[in-house]
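Please keep the sequence and the structure in view while reading.

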Amino acid sequence: MKVLVAYESKGGHTRRAATAIADACRADGHDAVLLPLGQIGRSEVEQCDAAALGSWVEGFILFGVKPARAATRWLDQAPLLAGKPVGVFVTYAVHPRGSLGVLRRGVEARGGKVVAEHASRHQDPEAGAADFARRLLAAG
Ligand SMILES: Cc1cc2nc3c(=O)[nH]c(=O)nc-3n(C[C@H](O)[C@H](O)[C@H](O)COP(=O)(O)O)c2cc1C
């Protein structure tokens, strides 16, 4: 399967999580393409069989916590995901709160089918990446 792993990262933690997800896909014998969200266009989406889309979260810890604006902006205009299995993931410092739900609804609005969700703390962004990849691949 060809898996697109796309991420929005400012300080590198979400890129680390995305890298661990792509590595887990490759270790399982799949082809993974790892790219920042800003570099994803229609052809990257059309060519993949499954996708993992991730972002860091921004907000005020207790309220207004959501995926980075650049990620939701990208999703608002993203190429149609046409029923493809998608996993959504975030990295955070304290609590992701509703961030995964925001990503899930954004993916669903573009026609994707969310099959896995994952949040990791920025102290250990790779934690749980392999299990998340397994759940995504199992649904693909
Ligand atoms: C402006 C800003 C706001 C943030 N707000 C939150 C927040 O409300 N809750 C939280 O848990 N983490 C918050 N964080 C922490 C980041 O989500 C976390 O460090 C993340 O792993 C950063 O990912 P990156 O290194 O890929 O950019 C915030 C970080 C920044 C820079």
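Which residue in β3 is the bridge partner of Ala6? The bridge partner of Ala6 in β3 is Leu53. The model is predicted, so local features need pLDDT of at least 70 and side-chain atom pairs count only at pLDDT 80 or more, while totals for chains, interfaces and linings use all residues. Residues are numbered from 1 along each chain as its sequence is written. The helices (H or I, at least four residues) and strands (E, at least two) are DSSP runs, numbered from the N terminus.

**The strand β1 and its partners**

Two strands are said to pair if DSSP finds at least two bridges between them. β1 and β3 pair in the parallel sense over 6 bridges. β1 is also joined to β2 by 6 bridges, and these two strands run parallel. The chain passes from β1 through α1 to β2 in a right-handed β-α-β crossover.

A residue is buried if 20 or more other C-beta atoms lie within 10 Å of its own, exposed if 12 or fewer, and partly exposed in between, with C-beta atoms placed from the backbone. In β1, 6 of the 7 residues are buried, so this strand is largely enclosed by the rest of the structure.

**The helix α1**

α1 has 15 residues and reaches 21 Å from its first C-alpha to its last, close to the 21 Å expected at 1.5 Å a residue. The expected span is 1.5 Å times one less than the number of residues in the helix. Among the buried residues of α1 are His13, Thr14, Ala17 and Ile21. The cover over the buried residues of α1 includes β1, β2, β3, β5, β6 and α5. Just after α1, Gly29 takes a positive phi of about 90°.

**The ligand**

A residue is near a molecule if its C-beta atom, placed from the backbone, lies within 6 Å of it. Of the 20 residues around the ligand, Ser9, Gly11, Thr14, Trp56 and His122 come nearest. α1, β3 and β5 each supply at least two residues of this shell. The shell has 8 nonpolar, 9 polar and 3 charged residues. Ala, Val, Leu, Ile, Met, Phe, Trp, Tyr, Cys and Pro count as nonpolar, Asp, Glu, Lys and Arg as charged, and the others, Gly among them, as polar.

**Residues in the loops**

| Residue | Other C-beta atoms within 10 Å | Class |
|---|---|---|
| Leu37 | 21 | buried |
| Leu81 | 23 | buried |
| Ala82 | 11 | exposed |
| Arg97 | 19 | partly exposed |

Two residues are in contact if their C-beta atoms, placed from the backbone, lie within 7 Å. Leu37 is found in the loop between β2 and α2. Leaving aside neighbours within four places in sequence, the contacts of Leu37 include Ala6, Tyr7 and Trp74. Leu81 lies in the loop between α3 and β5. With neighbours within four places in sequence again left aside, the contacts of Leu81 include Val45, Val86 and Val107.

Most residues other than glycine have a negative phi. Ala82, however, has a positive phi of about 45° although it is not a glycine. Arg97 likewise has a positive phi, near 45°, and is found in the loop between β5 and α4.

Methods: Right-handed = clockwise from strand over helix to strand, strands pointing away.
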